[in-house]
Amino acid sequence: MKLLIPGPVTTHRSVRAALTHDIAPWDPDFRAVYHGLRVRLLRLAGGQDGVHAALPLPGCGHFVTEAAIRSLIPSGGRLLVPLTGAYADRMIRLAREAGRDAVPLPIAADQPTDPAAVRRALLADPGLSHVGLVYSETGSGVVHDPAAIGAEARALGRQMIVDAVSAFGALPLDLAAQPEISAVVFTANKCLEGVPGSAFAIVRTDRLLTVGRAGSWSFDLADVAARLAGGDGARFTPAPQVLAALVVALDRLDAEGGPPARLARYRANMRALYNGMCGLGLTPLLPPAVQGPIVLNIDAPADPAWDLQAFVAAVKRRGFVISNFYNTPRPSFRLGCIGALRPADMRRAVTAIGAALDEIGIRQRKAA
Ligand SMILES: *Cc1c(COP(=O)(O)O)cnc(C)c1O
């Protein structure tokens, strides 16, 4: 069975094989693994020793996004969030429930965020201390430009928090060149092709609030950083098997040629799926020029027989799991282009999807 979803992704069997050992987190052997992993992730992000720190946090992506917001934005600070889609909405909710002020910036849902619009919003409101950007918006499939948007924030003395959960490991990032980025957050189970269970923030340690100001001990990244700087290992129980599997996944990323090679494979996967869906008479949400390489949303066919769960079940009988929900304003279904899959797998998926449409009787395939 292949997961054709934008995370958790299909993993290589060597990654899954790393899950089969019991591990004591405080064992010196595991401490070395933990430390080595943090160093590799820092390098991958272009982080600088002594400036940035890679901080693991057990759990999912939402947890570490919340932790970054709580640990870097003082109460009274204000976060400007371009409304890129479902994950920007989630960032706003996380900020508000943490008692931080989040200010939405309406943008066209099917276009990359215009850096000039961010500049205008920041100029109009000097109280906006931070920009919160979703790098690859998994809701829409559009990739936004943290370098160009960050340059506007930097020029105006503002800071940035980047949700790179569905970007890190494939799309470019260079923290050394972007001092305005206070934190970038991501997880093990998307473009890094590990298994779910651990999230990470790479932060500028000088921007962390003092320990105790996050309003949550569990999500206080300053406390995580202080413990690690003191030479201690993980603060609470980490997910050691997940981290051991991530080491294997990072070895595979290196062997593939690093993020540029991975991005090229994901682009090829996306094109195979995009062309295949058009060939089946379906309508992608985005035109090719703005379609990103991570997730492809397809408008629900207009046929009255359309039933997302029945379709998902019919595709699954043919060896591929796709999401049984959608994150777009109009009904759609979504296909992940990421994970340990190649264009040949995507062509097989297209055949499976065509057969599934026939099985459930979808003749009118264009969007409603
Ligand atoms: C997957 C994802 C997240 C986090 O999702 P979790 O289910 O909490 O791991 C956050 N942002 C984006 C853009 C994502 O794709």
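Q: How much space lies in the largest pocket?
A: This is a predicted model, in which local features need pLDDT of at least 70 and side-chain atom pairs pLDDT 80 or more, while totals for chains, interfaces and linings use all residues. A pocket is an open set of points on a 1 Å grid over the protein atoms alone, where a 1.4 Å probe fits, with protein on both sides within 12 Å along at least five of seven lines. Counting the space filled by probe spheres set on those points, the largest pocket holds about 330 Å³.

Q: Which residues lie nearest the centre of the largest pocket?
A: Its lining (residues with an atom within 4 Å of a point) is made up of 22 residues. Nearest the centre are Gly61, His62, Tyr87, Val165 and Lys190.

Q: Which element gives the largest share of the lining of the largest pocket?
A: Helices here are DSSP runs of H or I with at least four residues, strands are E runs of at least two, and both are numbered from the N terminus. Two helices give two or more residues to the lining: helix 3 (61–72) and helix 4 (86–97). With 4 residues, the largest share comes from helix 4.

Q: Is Asp299 buried or exposed?
A: Residues are numbered from 1 along each chain as its sequence is written, and side-chain values use heavy atoms, leaving out hydrogens and water. Asp299 sits in strand 9 (residues 295–299). Its relative accessibility is 4%, and the cut-offs, with a 1.4 Å probe and protein chains only, are under 20% for buried and over 50% for exposed, with partly exposed in between. Asp299 is therefore buried.

Q: Which residues does Asp299 touch, not counting residues up to four places away in sequence?
A: Contact means heavy atoms within 4.5 Å. By that rule, Asp299 touches Thr283, Pro284, Leu285, Arg330, Pro331, Ser332 and Ala367.

Q: Where is Glu193 found?
A: Glu193 is a residue other than glycine with a positive phi, near 65°. It is also buried, at a relative accessible area of 6%. Its place is the loop between strand 7 (181–187) and strand 8 (198–204).

Q: What is omega of the cis peptide bond that joins Gly7 and Pro8?
A: Pro8 lies in the loop between strand 1 (2–3) and helix 1 (13–17). The bond joining Gly7 to Pro8 is cis, and its omega is about -5°.

Q: What distance separates the centres of domain 1 and domain 2?
A: An automatic or database assignment sets the bounds, giving domain 1 (14–254) and domain 2 (257–359). In contact are 27 residues of domain 1 and 22 residues of domain 2. Taken over C-alpha atoms, the centres are separated by 27 Å.
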